[in-house]
Amino acid sequence: MNIKLLMTTSAIFLAIIGALLSFLPNETAAYFNIESNLVTILFLKIMSALYLGFGILNWMAKGTLIGGIYNRPIAIGNLMHFGVGAIALVKVVSNIETHSEIIISLTVVYLIFALLFAYVFKTNPTNK
């Protein structure tokens, strides 16, 4: 498996979400019909920091060996993020009424990344 490609695509994906939440928190809240008050904007900005932090972590680790015993915290952190996110999205996807295309797309992306990081976590790395 090409770990560099996986880490790069996950970094870009996370950075895009982080940048959107960082620069457009009010617009994001309005788009999803969330009440835009000080607390929700604060949570969106904190969530943005988490996405940007994970994105830069993946970007900076893209050239290292990941899998097996190598960089295990990076592999398990990504697996937890995408795995738990995928489970939460799968639980919501059947009940969502508005913006279902966004939620379904996010669910598919999260499921793919969760499966790929589970594979990375369980296998030994190669020098590719």
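This is a predicted model: local features need pLDDT of at least 70, side-chain atom pairs count only at pLDDT 80 or more; totals for chains, interfaces and linings use all residues.
Next I listed the buried residues of α5, which are I103, T107, Y110, F113, A114, F117, V120 and F121. I noted for myself that an α-helix has 3.6 residues a turn, so residues three or four places apart point the same way. Which helices do the buried residues of α5 pack against? I found that they pack against α1 (3–23), α3 (38–60) and α4 (72–93).

I turned to the rings, where the count came to 8 aromatic pairs. One of them joins Y31 and F32, with 5.2 Å from centre to centre and 85° between the planes, and this pair is edge-to-face. I checked both residues and found Y31 partly exposed at a relative accessible area of 41%, while F32 is partly exposed at 32%.

I then examined F82 and F117, whose ring centres are 5.8 Å apart and whose planes meet at 5°, so I recorded the pair as stacked. Because F82 lies in helix α4 and F117 in helix α5, the pair ties together parts that are 35 residues apart in sequence. F82 is buried, with a relative accessible area of 0%. I also saw that ring pairs link F13, F82, Y110, F113 and F117 into a cluster.

Last, I looked at W59 and noted that the charged end of K62 sits over its ring, 3.4 Å from the ring centre.

How values were computed. Residues are numbered from 1 along each chain as its sequence is written. Side-chain values use heavy atoms; hydrogens and water are left out. Buried means under 20% relative accessible area, exposed over 50%, partly exposed in between (1.4 Å probe, protein chains only). Helices (H or I, at least four residues) and strands (E, at least two) are DSSP runs, numbered from the N terminus. Contact means heavy atoms within 4.5 Å. Rings of Phe, Tyr and Trp (its six-membered ring) pair if their centres lie within 6.5 Å; planes under 30 degrees apart count as stacked, over 60 as edge-to-face and the rest as tilted. A charge sits over a ring if NZ of Lys or CZ of Arg is within 6 Å of the ring centre and within 35 degrees of the ring normal.
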